Amino acid sequence: MTNPVIQVEGLRCSYGDFEAVRGVDFEVAQGELFGLLGTNGAGKTTTMEAVEGLRKATQGTVRVLGSDPLTDRGVVRPRIGIMLQDSGFPGDLTVAEMVAFWQATSSRASDAASAIEALDLAHRRDVRIKQLSGGERRRLDLLLATLGKPEVLFLDEPTTGLDPESRLRVWEVVRGLLAEGTTVVLTTHYLEEAESLAERIAIMHAGRIAVSGRVSDVLARQPARIGFDVPAGFDVGVLPMLRGDVVHEPSGRVEVRTGELQRDLGELLDWARGDGRVLTGLRANHASLEDVFHAVRADEKVMSR
Ligand SMILES: Nc1ncnc2c1ncn2[C@@H]1O[C@H](COP(=O)(O)OP(=O)(O)OP(=O)(O)O)[C@@H](O)[C@H]1O
């Protein structure tokens with residue numbers, strides 16, 4: 001990668017004797033959205049905190065915009081925006097007061113009124129923060145993280161607790177920032193969010209990166225699925241030689257996992273046509289990130305045996 005905005009090499013972080021991050025490497029290019037995903041307790045937040053300059057690494061190097069975010073905090077902090085999982089803003093201030101306060105601390109604040117509008121908080125301007133709903137508070141967190149027009153934006157589970165409409169609104173704001181060239185690092189438990197927004201992802205498990213790459217490449221490495229229903233008593237032995245694993249569920253559903261989706265689907269359809277059979281409930285899908293997650297967990301079970 002030429003001129004990465006973020007470089008993380010051999011990152012390790014410990015809490016006392018417990019090593020939460022065990023050698024993590026990744027780079028993020030200017031203007032891309034990098035998704036850091038993982039199982040619970042995988043070390044995503046700890047990694048994010050080290051990259052944000054909020055936590056000292058026990059080993060390894062971190063560079064953000066060419067500088068160490070911890071030791072060169074004064075240089076890096078004004079150029080980045082951070083949306084933490086729990087921002088802890090003073091509950092007695094109103095939305096408008098908090099935004100004005102935040103704007104005063106930033107050397108290059110953007111237009112607060114349009115930012116409030118974009119995140120659908122205009123009607124809550126005079127409401128105290130402690131009286132906002134969880135979703136409204138999350139949208140205020142995003143507003144404040146982006147107010148200083150950051151070059152790099154860190155979003156730690158930005159849409160947790162948001163209803164579907166608010167989530168789409170947040171995605172719209174994030175897409176707008178990407179279009180303006182902002183670099184974004186996102187952690188999320190919503191896989192469709194990562195699939196929709198991220199160009200590249202890393203999936204962490206137990207302190208390490210288990211899988212990483214462009215979303216399309218990560219998905220292509222997993223088998224695709226073909227599913228259809230068959231009548232009671234159907235003998236799956238009469239199906240054409242599909243190359244994937246075939247599972248015949250008691251419900252009458254047949255699920256095939258295959259690395260040769262086009263070829264196997266073609267053979268299945270040829271067989272059905274020749275046999276005069278209608279394949280009810282037919283579906284063919286590429287792997288989803290959920291499949292990748294299951295594979296990461298399954299690998300761990302194999303390794304821990
Ligand atoms: N302050 C702390 N003291 C001790 N252990 C901690 C502390 N903070 C986190 N941990 C542990 O470090 C590991 C990584 O935690 P971290 O919060 O980075 O994971 P995560 O991937 O963000 O998890 P989640 O998805 O559940 O939020 C977990 O096992 C967690 O229990």
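Modeller: Let's start with strand β1 (residues 6-15) and β4, which pair in the antiparallel sense over 5 bridges. Please keep in mind that this is a predicted model.

Colleague: What makes β1 and β4 a pair?

Modeller: A pair needs at least two bridges found by DSSP. β1 and β4 have 5 bridges, so they count as paired. You can look at one of the partners yourself: Ile6 has Val64 in β4 as its bridge partner.

Colleague: Which strands form the open sheet, and in what order?

Modeller: The order is β2-β1-β4, with 3 strands in antiparallel pairing. β2 (18-28) and β4 (59-64) each have a single partner strand, so one side of each is left without a neighbour in the sheet, and that is why they stand at the edges. On average, neighbouring strands of this sheet are turned by 25° against each other, direction ignored. Helix α1 (residues 44-52) packs on the sheet and touches β1, β2 and β4. The direction of α1 makes about 120° with that of β1.

Colleague: Why is α1 called mostly covered?

Modeller: A residue is buried if 20 or more other C-beta atoms lie within 10 Å of its own. In α1, 9 of its 9 residues are buried, so the helix is called mostly covered. Among them are Lys44, Thr45, Met48 and Glu52. After α1 comes Gly53, with a positive phi near 85°.

Colleague: Which element gives the largest share of the shell around the ligand?

Modeller: That is α1, with 3 residues. The shell includes Lys44, Thr45 and Thr46, along with Tyr15, Phe18 and Gly38. The elements giving two or more residues to it are β2 and α1.

Colleague: How do you know that both faces of β3 are covered?

Modeller: Strand β3 (residues 33-38) has 6 of its 6 residues buried. Leu33, Gly35 and Leu37 lie on one side, Phe34, Leu36 and Gly38 on the other, and all are buried. As background, side chains in a regular strand alternate between the two faces of the sheet.

Colleague: What strands does β3 run parallel to, and over how many bridges?

Modeller: β3 is joined to strand β7 (residues 183-187) by 4 bridges, and to strand β8 (residues 200-205) by 5 bridges. For a closer look, Leu36 stands opposite Thr187 in β7, and the bridge partner of Gly38 in β8 is Met204.

Colleague: Which residues have the most contacts inside the largest nonpolar core?

Modeller: Leu143 and Val185 do, in a core of 61 residues. Helix α5 (residues 134-146) gives the most to this core, with 5 residues. Leaving aside its neighbours within four places in sequence, Leu143 is in contact with Val99, Ala115, Ile116, Leu119 and Leu121. These count as contacts because the C-beta atoms lie within 7 Å. A second, separate core of 5 residues includes Phe228, Val254, Val256 and Leu268.

Colleague: How many domains does the chain have, and how far apart are their centres?

Modeller: The domain assignment gives domain 1 (6-219) and domain 2 (223-286). Their C-alpha centres lie 43 Å apart. Stepping back to the whole chain, there are 10 helices and 13 strands, and buried residues make up 34% of the 305 residues.

How values were computed
Residues numbered from 1 in each chain as written. Predicted model: local features only at pLDDT ≥ 70, side-chain atom pairs only at ≥ 80, totals over all residues. Domains from an automatic or database assignment. Core = buried A, V, L, I, M, F, W, Y, C linked by C-beta atoms within 7 Å. Buried ≥ 20, exposed ≤ 12 C-beta atoms within 10 Å, placed from the backbone. Contact = placed C-beta atoms within 7 Å. Axes fitted to C-alpha atoms, helices over the stretch in contact; angles between N-to-C directions. Near = placed C-beta within 6 Å.
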